[in-house]
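Notebook open. I wanted a quick look through this one before doing anything else with it.

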Amino acid sequence: MAIPLDEIKRLIIDSIPDASIEIKDLMGDNNHYAATIISAKFNNLSKIDQHKLVYRALKGKMGNELHALSITTKGK
Amino acid sequence: MEIKKIIENLINDNEVCLFMKGTPDSPQCGFSMAVSNVLKHLKVNFKGINVLEDEKLRQGIKKFSDWPTIPQLYIKSEFIGGCDIVKEMFENGELKKIFEDKKII
């Protein structure tokens, strides 16, 4: 199963409205993505908690429909 | 034994524990291979646990850490992160420092 890039972006923005997101479809298959996400919400959070915010935004899709999304998070 | 207890025993009994798809010698997923290679590069002895052999463990570890993906690295019972975090910590030197501080390498 695959998810379009715009859908991933939308889900993240829904939960993290100030996020600036750069996302790449690595293989052009709607299934292997790399995203860099910058948000003030990440400030003062551990890396684990930063990534958990993103996973929560994706509402359980990570590890299921969405197999391969590598994430880089940064505060601002 | 319930799965939570099995996981606790694994991370308590092994200083460095990697829940992965496949084995360190034969990883079945690129992300698991990447973390396994980082650990090998740092010359860390680690216990690789193949979640593909046990569906209960595969689901259990995700619940245990509230983390939806495999691989997952634990050092001295502490969850360190998945592939992205481990790679980032390897590249900026943090991971090596943790192993040195904990006298593992």
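My entries follow, chain by chain and then the contact.

**Ground rules.** I'm working with a predicted model, where local features need pLDDT of at least 70, side-chain atom pairs count only at pLDDT 80 or more, and totals for chains, interfaces and linings use all residues. Residues are numbered from 1 along each chain as its sequence is written, and chains are lettered from A and ligands numbered from 1 in the order in which they are written.

**Chain A, overall.** I looked up the secondary structure and got two helices and three strands, in the order α-β-β-α-β from the N terminus. Elements are DSSP runs numbered from the N terminus: helices are H or I with at least four residues, strands are E with at least two. The radius of gyration is 12 Å, close to the 11 Å of the globule rule for 76 residues, so chain A is as compact as a globular protein of that length. That radius is taken over C-alpha atoms, and the rule is 2.2 Å times the number of residues to the power 0.38. The C-alpha trace spans about 35 × 20 × 20 Å along its principal axes.

I also checked burial: 26% of the 76 residues in chain A are buried. Buried means 20 or more other C-beta atoms within 10 Å of the residue's own, exposed means 12 or fewer, and partly exposed is in between, with C-beta atoms placed from the backbone.

**Helix pair in chain A.** How far apart are the axes of H1(A) and H2(A)? I get 8 Å, with a packing angle of about 115°. Axes are lines fitted to C-alpha atoms, for helices over the stretch in contact, and angles run from 0 to 180 degrees between N-to-C directions. The two helices are therefore roughly perpendicular, a label for 65 to 115 degrees. From H1(A), the contact uses Leu11(A), Ile12(A), Asp14(A) and Ser15(A); from H2(A), it uses Val54(A), Arg56(A) and Ala57(A). Contact here means C-beta atoms, placed from the backbone, within 7 Å.

**Phe46(B).** I found Phe46(B) in the loop between helix H2 (30-41) and strand E4 (47-50) of chain B. It counts as buried, with 21 C-beta neighbours inside 10 Å. Cys17(B) is 29 residues from Phe46(B) in sequence, yet 5.7 Å away C-alpha to C-alpha. Leaving aside neighbours within four places in sequence, Phe46(B) touches Val16(B), Cys17(B), Leu18(B) and Leu39(B).

**Chain A against chain B.** The contact takes 10 residues from chain A and nine from chain B. On the chain A side, helix H2 (47-57) and strand E3 (68-74) each supply at least two residues, and H2(A) has the largest share, five.

Terms used:
Two residues are in contact if their C-beta atoms, placed from the backbone, lie within 7 Å. Angles under 35 degrees count as roughly parallel, over 145 as roughly antiparallel, 65 to 115 as roughly perpendicular and the rest as oblique.
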